[in-house]
Amino acid sequence: MSLIQVINPNTSAAMTATIGAAARAVAAPGTEIVAVCPSEGVPSIEGHFDEAIAAVGVLEQVKRGKEQGVSGHIIACFGDPGLLAARELASGPVIGIAEAAMHTATLVATRFSIVTTLPRTLVIARHLLQQYGFSHHCAALHAIDLPVLALEDGSGVAQEKVRERCLQAKREDGSGAIVLGCGGMASLAQDLTKELGLPVIDGVSAAVKMVESLLALGFGTSKHGDLAYPIKKPLSAAFQHLN
């Protein structure tokens with residue numbers, strides 16, 4: 001059995017439940033999903049400042065997951081906060097949902113669009129496209145101009161705006177696939193795929209299948225080079241528990 005830890009880097013229990021359900025829906029028999037979030041940090045991640053705080057929580061959860069014997073880790077925020085640091089700390093594979101969604105999109109289409117939450121996060125998505133080498137695959141980025149937690153307020157307004165932006169992307173961008181740019185959108189992908197008639201990709205689901213594949217191949221995070229375990233040094237005050 002494989003035990004995969006899905007980390008929601010914000011403190012929203014409702015969003016963690018949404019993300020966990022999406023992960024379990026695609027997990028193979030024999031894969032157990034453990035969805036977690038930090039008890040302290042930011043309630044939503046909508047900028048560079050939020051990501052910096054969230055990254056520490058991600059590392060705390062990775063360390064805890066290792067102690068509990070998990071096989072791999074997923075960072076379920078579209079900014080992939082703390083991804084490389086988490087890989088240093090982990091022995092098993094660590095996948096970010098933006099990374100997973102973008103890779104998956106390029107396997108099923110030559111061009112994709114991204115639909116995310118606030119306009120300010122579009123810059124973060126562009127940085128990740130450049131970092132992962134997918135800028136030339138991305139036709140356009142769209143924002144619903146609502147905060148992340150609007151996806152959990154029960155009104156359905158954010159979900160309808162996601163749908164509208166996806167329809168717009170299909171109509172205007174010439175993309176063969178659409179990437180959902182928030183972990184809180186995870187539950188929308190299947191229905192949108194059916195309605196639009198093209199792949200609408202949720203990074204949580206994509207990351208689960210990638211971690212499962214890496215585990216089946218016997219691969220963990222390489223410890224040769226820059227992703228070797230962190231150099232042992234004394235950490236002070238609030239960071240001592242990460243030693």
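In this predicted model, the charged end of Lys223 is placed over the ring of Tyr229, at 4.4 Å from the ring centre. Aromatic rings pairing with one another are another matter: with centres required to lie within 6.5 Å, the count of aromatic pairs is zero.

| Helix | Residues | Number of residues | End-to-end C-alpha distance | Expected span |
|---|---|---|---|---|
| H1 | 13-26 | 14 residues | 21 Å | 20 Å |

For H1, the reach is close to the expected value.

Which residues of H6 are buried? They are Ala158, Val162, Cys166 and Ala169. These residues cover an arc of only 80 degrees around the axis, so they lie on the same side of H6. The buried residues of H6 pack against strands S5 (112-116), S6 (138-143) and S7 (177-180), and against helix H7 (189-196). On the face turned away from that buried side, you will find Arg171 and Glu172, both exposed. Just after H6 comes Gly174, with a positive phi of about 70 degrees.

Now to H1, where the buried residues are Met15, Thr16, Thr18, Ile19, Gly20, Ala22 and Ala23. Their cover includes strands S1 (2-7), S2 (31-36) and S8 (200-202), together with helix H8 (203-216).

Notes. Residues are numbered from 1 along each chain as its sequence is written. This is a predicted model: local features need pLDDT of at least 70, side-chain atom pairs count only at pLDDT 80 or more; totals for chains, interfaces and linings use all residues. Side-chain values use heavy atoms; hydrogens and water are left out. Rings of Phe, Tyr and Trp (its six-membered ring) pair if their centres lie within 6.5 Å; planes under 30 degrees apart count as stacked, over 60 as edge-to-face and the rest as tilted. A charge sits over a ring if NZ of Lys or CZ of Arg is within 6 Å of the ring centre and within 35 degrees of the ring normal. Buried means under 20% relative accessible area, exposed over 50%, partly exposed in between (1.4 Å probe, protein chains only). Helices (H or I, at least four residues) and strands (E, at least two) are DSSP runs, numbered from the N terminus. The arc is that of the directions from the helix axis to the C-beta atoms. Contact means heavy atoms within 4.5 Å. The expected span of a helix is 1.5 Å times one less than its number of residues.
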